Amino acid sequence: MKHVSSAIEATGETDVRVPTRRALAKQQTRAKVLAAARRLFSEAGYEGATIRDIAAEAGMSTGAVFANFTDKSDLFREIMVNDMQALTEAMSEASTRGRNVEDALLRLFMAGYAFYKSQLPLARAAFSISWLPDQGPELRTLPPVQAMHDLINDQLNLGVERGELSQEVEAKLRTQMLFDAYLANYPEAIFQGWSLEALQAKSKDQIRVILAGARRG
């Protein structure tokens with residue numbers, strides 16, 4: 001049995017693959033292109049940044065960029081996915097500190113606004129193209145967007161479990177309403193210069209109204 005176990009362990013060890021030099025070089029190239037694209041999208045916006053400019057900023061040819069990304073929208077999409085994944089983690093962590101369902105949702109909202117206000121130029125580029133016919137629908141259906149829906153839905157379910165909300169909360173509908181309210185505040189957050197305090201006051205009222213018919217007692 002010991003011999004068999006050793007053989008299995010040995011087999012497991014041989015299954016671990018070390019990235020080849022070529023694979024590592026490809027990863028490094030992608031990272032350089034993404035970093036250059038992030039800088040230029042922040043400075044020039046989505047329309048103003050070209051693949052040629054991004055390649056020059058990264059210190060490589062346009063061919064090298066196209067070897068890693070299909071086009072400019074593919075590049076921007078990856079940047080947005082990476083950001084939204086980081087944002088989802090920040091929202092999740094913030095919501096765990098909530099004293100009740102309304103406070104948890106408010107903290108979740110505010111984590112989002114704080115995240116994007118820390119990188120306003122890129123946020124403006126993202127929300128500018130989110131309404132374009134060829135870009136918006138795809139961005140709004142990315143997996144991290146669904147993860148944000150899930151975070152809101154989880155808080156509603158926790159509110160039911162704790163007895164704060166009625167069993168007839170209609171979680172799916174209220175989740176969508178809350179997410180729509182969260183998104184609706186972004187023009188003020190990233191284009192109109194609202195402070196986090198002002199956004200917090202507005203978000204608090206929105207959450208209170210949306211949950212008004214769901215509270216117990």
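1. Contact here means heavy atoms within 4.5 Å, and by that criterion residues 24 or more positions apart account for 70% of the protein's contacts with a separation of 6 or more. This is a predicted model, in which local features need pLDDT of at least 70 and side-chain atom pairs count only at pLDDT 80 or more, while totals for chains, interfaces and linings use all residues. Residues are numbered from 1 along each chain as its sequence is written, and side-chain values use heavy atoms, with hydrogens and water left out.

2. The protein has 12 helices and zero strands, where helices (H or I, at least four residues) and strands (E, at least two) are DSSP runs numbered from the N terminus. Of the 217 residues, 40% are buried, that is, under 20% relative accessible area with a 1.4 Å probe, counting protein chains only.

3. The axes of helix α2 (residues 21-48) and helix α5 (residues 72-95), being lines fitted to C-alpha atoms over the stretch in contact, with angles run from 0 to 180 degrees between N-to-C directions, come within 10 Å and cross at roughly 100°. That makes α2 roughly perpendicular to α5, a term covering angles of 65 to 115 degrees. Among the residues making this contact are Val33, Leu34 and Phe41 of α2, and Leu75, Phe76 and Ile79 of α5.

4. Helix α9 (residues 143-161) has 19 residues and spans 27 Å from its first C-alpha to its last, close to the 27 Å expected at 1.5 Å a residue. Its buried residues include Val145, Met148, Leu151, Ile152 and Leu156, and after α9 comes Gly163, whose phi is positive, near 85°.

Technical notes
Angles under 35 degrees count as roughly parallel, over 145 as roughly antiparallel, 65 to 115 as roughly perpendicular and the rest as oblique. The expected span of a helix is 1.5 Å times one less than its number of residues. Buried means under 20% relative accessible area, exposed over 50%, partly exposed in between (1.4 Å probe, protein chains only).
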